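I opened this entry to keep a record of what I looked up, item by item. The sequence and the structure come first, and my notes follow.

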Amino acid sequence: ENGVRKSETTCDRLKEVKTEDTETNMTLKDEVKRARLMKFASAAFYAFCSFFIIVVSLVYVSRNWAATIIILYVAKMNKAIHFQDFDKSIPGKIFPLPLLYVGNHVSGLGGTQKLSLPMFTVLRKFTILLTMMMESRILRKSFAPPLVCSVLAIVVGALVAASSDLSFNAEGYTFVLLNDVFTAASGVYTKKKLGMEGLGKYGVLFYNAFIIIIPTVLASAYTGDLEKALTFEGWMSVTFVFYFLLSCVMGFILMYSIILCSYYNTALTTTVVGAIKNVAVMYIGMFIGGDYIFSWTNFIGLNICISAALIYSYITFHSSGSSETNVKPAEDKLSIHITENHLEKT
């Protein structure tokens, strides 16, 4: 009788283990699906915001930082979001992000004035290659060979697209290549800072804007732009104020979408998404605006760029889904050993 009871207990235990394994397996599958959805959704959100706000000039970047500070501070005061209060450890945690952002915007403005659009576009594509190299070096991230090949194909496509306009301007090249370095470093260090304890998505965004806005306002005052903005006659126009506030909010949403995309994806993926948006804008420019000059080399290069970027996106997001089938929870194996004494008793 004791042996029979033990055998029944063993069977019950086996059923419990199988039930636990099934529940664990389902939970892991749900987590993988959610992670895959968040990676894709955050990237799509960034692409949409970046495309929508393209009409907003970089000249107004300071107001975006101000809007970011106000929106996040109000949300924190109302306990809608949470991030670490300011203390002496914050500057050490957030740097060098503010310096990289300032360098990114300054070099970006300098480069656009010195080069033609095709040449500017091809040089900006080197940001993707630099991001991959920095992420491998700083974050110890490794990339699969197909991803590396797709990144190289994007750069090659940009070179082909600009081959019909090989104008050289030393100052312009310097500004744009510096812009590439600052952009790549900003993306990689943003990803790194998102893992800092106490900061999170909102902390990185808030304190980065809080530190940046001070030198930005001082620089605006020094150049006279601040005085021009304050004495602008359009402040009396309701329509202008409406669009001004709308652009401020959209500037915040764009920066938040970049942080969100970097949080759920690699810095390289965020950069590639931006490249897809840029190529999409050039496609639209072929039909709207009338300033696109068609050439087969440019058109073929653009198609190489967008094809390689889409292949990269497919591999990146599909790998998350395919890994779902490879996720196997650790199984607790229960071994049953029936001794001769048990057999004799039964």
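How do the residues of the lining of the largest cavity divide into nonpolar, polar and charged? I looked this up in what is a predicted model, and I found nine nonpolar residues, two polar and one charged.

**Cavity.** I then went back to the cavity itself, and noted that the structure holds one cavity of 30 Å³ or more, with about 70 Å³ of space in the largest cavity. Of the 12 residues that line the largest cavity, those closest to its centre are T121, A158, A161, M282 and L302. I also listed the elements that give two or more residues to this lining, which are α5 (117-124), α7 (145-161), α12 and α13 (296-322). As a reminder to myself on the approach, rolling a probe the size of a water molecule over the atoms shows where empty space is left.

**V155.** Next I turned to helix α7, one of the elements on that list, and picked out V155, whose place is in this helix.

**T266.** I looked next at T266, which is found in the loop between α11 (238-264) and α12 (267-287). Which side chain makes a polar contact with the side chain of T266? I found that of T269, at 3.0 Å. Not counting residues up to four places away in sequence, T266 touches E135, K141 and Y312.

**Annotated regions.** Last, I consulted the UniProt record, an unreviewed entry, in which the annotation "transmembrane region" covers residues 43-61, 142-161, 173-190, 202-222, 234-256, 263-286 and 292-315. I compared two of these ranges with the model. Over residues 142-161 the chain is 85% helix and 0% strand, with the end C-alpha atoms 29 Å apart. Over residues 202-222 I noted 100% helix and 0% strand, and there the end C-alpha atoms are 30 Å apart.

Notes: Residues numbered from 1 in each chain as written. Predicted model: local features only at pLDDT ≥ 70, side-chain atom pairs only at ≥ 80, totals over all residues. Heavy atoms only, no water. Helix = DSSP H or I, 4+ residues; strand = E, 2+ residues; numbered from the N terminus. Polar contact = N/O pair within 3.5 Å; in protein donor to acceptor, adjacent residues only side chain to side chain. Contact = heavy atoms within 4.5 Å. 1 Å grid on protein atoms, 1.4 Å probe; cavity = no way out; pocket = protein on both sides within 12 Å on 5 of 7 lines; lining within 4 Å. Points joined across faces, edges and corners; volume = space filled by probe spheres on them. Nonpolar A, V, L, I, M, F, W, Y, C, P; charged D, E, K, R; others polar. UniProt positions renumbered as here; feature names shortened; annotations may be inferred.
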